[in-house]
Amino acid sequence: MRIPNLIYKLAFVGIAAAAFTSCKKENGIDNDTVIKKPYGLYVADSEGSLLNTNDGNLFRAIFPPDGYPPRAIAVSGNNLIWVKSNVHVSTDNGKNFNPEYFFANPLGLWQPVIYNVPSHGRIYLASIEPGSLGVSFSDDNGETWFIDYGWDDGVAAGGISSFAQLKNGQLFARSADSLYQRDGKDDKWTHVKPVNQPAGMGFLSHYNNSLMFVDYTGANGVQGSGDGGVNWTSYSGLPQRPLLSAASPFDQTFLVGTDSMGIYRLDQNGQFVPTNNGLEMNTSVYAITAKDDIYKNNTTKRYVYIATDKGVYRSEDLGQNWYRVKEGDYRAIY
């Protein structure tokens, strides 16, 4: 006599369970595991080969080695752009690259020699075009380029080698001894006059609304400004080694890649600490980028990737731990 009641209860439990899980599943597919917006990661090795992956595990070669490793890779719209001695643009996902005869500043050895600014609808290049003041730009995803003549009266710029944009939208460009700022696409570049000029030869980066300057030689480490480049302070903890790369993944941490001493992270006390768990000894870190997957349930999983002379490494905890996903000698990543 209890069997019908038991069947009824089991049926009820089954219906309730189906109703409970229906918010996660559609047509039997678990939305917690379905990616609705995958990332695209591009990496180039020391021989000029270009590879692509959408999951960090399976890498696909899309451009053969040409003997010239790029200094930087960028994406704008549907186009892929890389910087060697000059700009090269691909409109077919890297299968073919067309050279654009706008030459990058040879002193711009780092990723921010080219800088995509979506809020301007523009990509900037630190260039050495005759008659320019050090900046060229493209408003059509890299297919055509123009000299940037939008400079404030009296500014005698030149030798621009890197860019950085703060979280508040302010854009900066730096030459060997000067700093310039642009607030919006239609504004002019203006000369920033620091109280104390950041020392060294290097490149700009950012961490939230702090402007960062990384001394490539390593002699002056990293210096930061919280007031738009007027006053600068130095951070401690970095080794006396060339500093090859820097990035602020998701504006949640600040990482610096070194020559042969791995990667360093800025901690909550304002000091740099090594964060090399999982890296081989004597690893040089040439470039850093961040990617994320957005799932159908709108959760996000975030990754940090680095291009090194020992391979491509990935971190899932903002750079505290690493594991290698691809062996090789890689020089640029985006």
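A salt bridge is a side-chain nitrogen of Lys or Arg within 4 Å of a carboxyl oxygen of Asp or Glu. In this predicted model, the side chains of lysine 310 and aspartate 309 meet in such a bridge, with an N to O distance of 3.4 Å. The structure holds eleven salt bridges, and its largest pocket has a volume of about 1300 Å³. The points below cover salt bridges, pockets, a surface patch, backbone angles and some contacts along the chain.

**Salt bridges**

- Lysine 310 counts as partly exposed, at 21% relative accessibility.
- Glutamate 280 is paired with arginine 324 in a salt bridge whose closest N and O atoms are 2.7 Å apart. Glutamate 280 sits in the loop between strand 26 (272-274) and strand 27 (285-295), and arginine 324 sits in strand 30 (residues 323-327), so this pair ties together parts that are 44 residues apart in sequence.
- Glutamate 280 has 37% relative accessibility and counts as partly exposed. Arginine 324 is partly exposed as well, with a relative accessible area of 32%.
- Arginine 314 and glutamate 316 form a salt bridge in which the closest N and O atoms are 3.8 Å apart.
- Arginine 314 has a relative accessible area of 5%; it is buried because buried means under 20%. Glutamate 316, with a relative accessible area of 39%, is partly exposed.
- A network of salt bridges links Arg122, Asp139 and Lys185.
- As a general point, side chains of opposite charge can pair when their charged atoms come close.

**Largest pocket**

- The volume of the largest pocket is about 1300 Å³. Its lining consists of 44 residues, and those nearest the pocket centre are Tyr115, His206, Thr289, Ala290 and Tyr334.
- Several strands each supply at least two residues of this lining: strand 7 (72-76), strand 11 (114-117), strand 15 (162-165), strand 19 (202-207), strand 23 (243-247) and strand 27.
- Strand 27 gives the most to the lining of the largest pocket, with seven residues.
- Sorted by class, the lining of the largest pocket has 25 nonpolar, 14 polar and five charged residues.

**Second largest pocket**

- The second largest pocket holds about 270 Å³ of space.
- Its lining is made up of Pro69, Pro70, Arg71, Leu109, Trp110, Gln111, Tyr216, Leu244, Tyr286, Ala287 and Arg331.
- By class, eight of these lining residues are nonpolar, one is polar and two are charged.

**Nonpolar surface patch**

- Tyr101, Phe103 and Ile128 make up a nonpolar patch on the surface, and together they have about 330 Å² of accessible area.
- Phenylalanine 103 belongs to strand 10 (residues 98-103). At 35% relative accessibility, phenylalanine 103 counts as partly exposed.

**Positive phi angles**

- Aspartate 251 is not a glycine, yet has a positive phi of about 55°. Aspartate 251 is in the loop between strand 23 and strand 24 (255-258).
- Asparagine 282, also not a glycine, has a positive phi of about 65°. Asparagine 282 is in the loop between strand 26 and strand 27, the loop that also holds glutamate 280.
- Asparagine 282 has 54% relative accessibility; it counts as exposed because exposed means over 50%.

**C-alpha distances between residues separated in sequence**

- Glycine 158 and alanine 176 are 18 residues apart along the chain, and their C-alpha atoms are separated by 8.9 Å. Glycine 158 is in the loop between strand 14 (146-147) and strand 15. Glycine 158 is partly exposed, with a relative accessible area of 30%.
- Asparagine 79 and glutamate 143 are 64 residues apart along the chain, and 8.4 Å separates their C-alpha atoms. Asparagine 79 lies in strand 8 (residues 79-83). With a relative accessible area of 6%, asparagine 79 is buried.

Definitions and conventions:
Residues numbered from 1 in each chain as written. Predicted model: local features only at pLDDT ≥ 70, side-chain atom pairs only at ≥ 80, totals over all residues. Heavy atoms only, no water. Helix = DSSP H or I, 4+ residues; strand = E, 2+ residues; numbered from the N terminus. Buried < 20%, exposed > 50% of the residue type's maximum accessible area, 1.4 Å probe, protein only. 1 Å grid on protein atoms, 1.4 Å probe; cavity = no way out; pocket = protein on both sides within 12 Å on 5 of 7 lines; lining within 4 Å. Points joined across faces, edges and corners; volume = space filled by probe spheres on them. Nonpolar A, V, L, I, M, F, W, Y, C, P; charged D, E, K, R; others polar. Patch = residues over 30% accessible without salt bridge, like charges linked within 9 Å, V, L, I, M, F, W, Y side chains within 5 Å. Areas by Shrake-Rupley, 256 points an atom, 1.4 Å probe, with all protein chains shown as cover.
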